[in-house]
Amino acid sequence: MRILILGGTVFLGRAIAAQAHAAGHDVTCAARGTSGTAPTGTTFVELDRDQGLGALDGLSFDAVIDVSRDPGHVRDALAALAGRAGHWTFVSTCSVYSDNATPGQLAATAPLLAPGTEEYGERKVACEQAVLASGIPSLICRAGLIVGPADAVPRFSYWPVRLAQGGEVLAPGHPDRLVQYVEVDDLAAWLLRSVLHGQTGVFDGIGLPRPFGEFLAEVASGVGSTAKLTWVDQEFLLEQGVSPWAGQRSLPLWLPEPEWAGFLSRDTSPARAAGLITRSTSETARTTLDWWRAQDPEPELAAGLTRAEEAELLKLWHAR
């Protein structure tokens, strides 16, 4: 199969390209090439989508995979490759949904944001609509948090790195709160199988939601940690200026409830019925930590609490 990946040099796109090449497919990665390199054995075509897809003139593909967040880029690509693409996969996001408070929502019925050109979720809605209106057989994958080795944004990575350090670890909220993500190679494998089988439709490409306490226990098991977890109320964390989700002085994967109770608790049974298989948290934690430590020098975490911040918060919590 001839597969075009609009991207293919970073994280998910690169993982799809590598798996497709390993399976014997003819893979073309079209990108600027400024953020990464295409996998060995694939064909790299340098192009800037602001300047169009002229570098692909005369080429046809059995399948196209696009990860863009720019509606104009998506519309231009659909027009440029009209009649030259047999199937189109668009990697979207769960940020397209307008209701983040209701747990257990399905992709087929959950309300969407209005399409737009400013906010990330609105832009992805506009991209989706362009793909669905094109008439090309298409798969829309609304990915959740994508994690694993090579993830440059350490929302998941914070936890294996921190738990491997041991000691008393501040855990946010309560252990029954749900968390949800998908490992990059698992998502890539499912998308590739979907392309090969001509799968169409709209899916949430995420793993099963699971309790945060269970998640951290499996992370600890994967990295061989005996760290002690101390669960701290979200009200206390907010009062102390701790940010949710990501960034400095944050606790990654934590989102306040009830307003975010639905964001990491989506019903992904349709994707699993369509073949999405996910590995254990312990395996993802182990491989992520191995990748993190293999970098030279080992990077500083760009999200989470510093050890000093964590120690001060724990001291205040115990003394409250």
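Predicted model: local features only at pLDDT ≥ 70, side-chain atom pairs only at ≥ 80, totals over all residues.

Me: What do Arg307 and Glu310 form?
Reply: A salt bridge, with the closest N and O atoms 3.7 Å apart.

Me: Is Glu310 buried or exposed?
Reply: Glu310 counts as buried because its relative accessibility is 3%, under the 20% cut-off. Arg307, at 42%, counts as partly exposed.

Me: Which residue in helix 4 does Glu310 pair with?
Reply: Arg162, through a salt bridge with closest N and O atoms 2.8 Å apart. That pair links distant parts of the chain, with Glu310 in helix 10 and Arg162 in helix 4, 148 residues apart. Arg162 is buried, as is Glu310.

Me: OK, how many salt bridges are there in the structure?
Reply: The structure holds 11. One of them joins Arg279 and Asp186, at 2.8 Å from N to O. Arg279 sits in the loop between helix 8 and helix 9 and Asp186 in helix 5, so the pair ties together parts 93 residues apart in sequence.

Me: What network are Arg279 and Asp186 part of?
Reply: A network of salt bridges that also includes Glu183 and Glu283.

Me: Switching topic: how many helices and strands does the chain have?
Reply: The protein chain has 10 helices and 15 strands.

Me: And what's its radius of gyration?
Reply: 20 Å, which agrees with the value near 20 Å for a compact globule of 320 residues. Of those 320 residues, 50% count as buried.

Terms used:
Residues numbered from 1 in each chain as written. Heavy atoms only, no water. Helix = DSSP H or I, 4+ residues; strand = E, 2+ residues; numbered from the N terminus. Rg over C-alpha atoms; globule rule 2.2 N^0.38 Å. Buried < 20%, exposed > 50% of the residue type's maximum accessible area, 1.4 Å probe, protein only. Salt bridge = Lys/Arg side-chain N within 4 Å of Asp/Glu carboxyl O.
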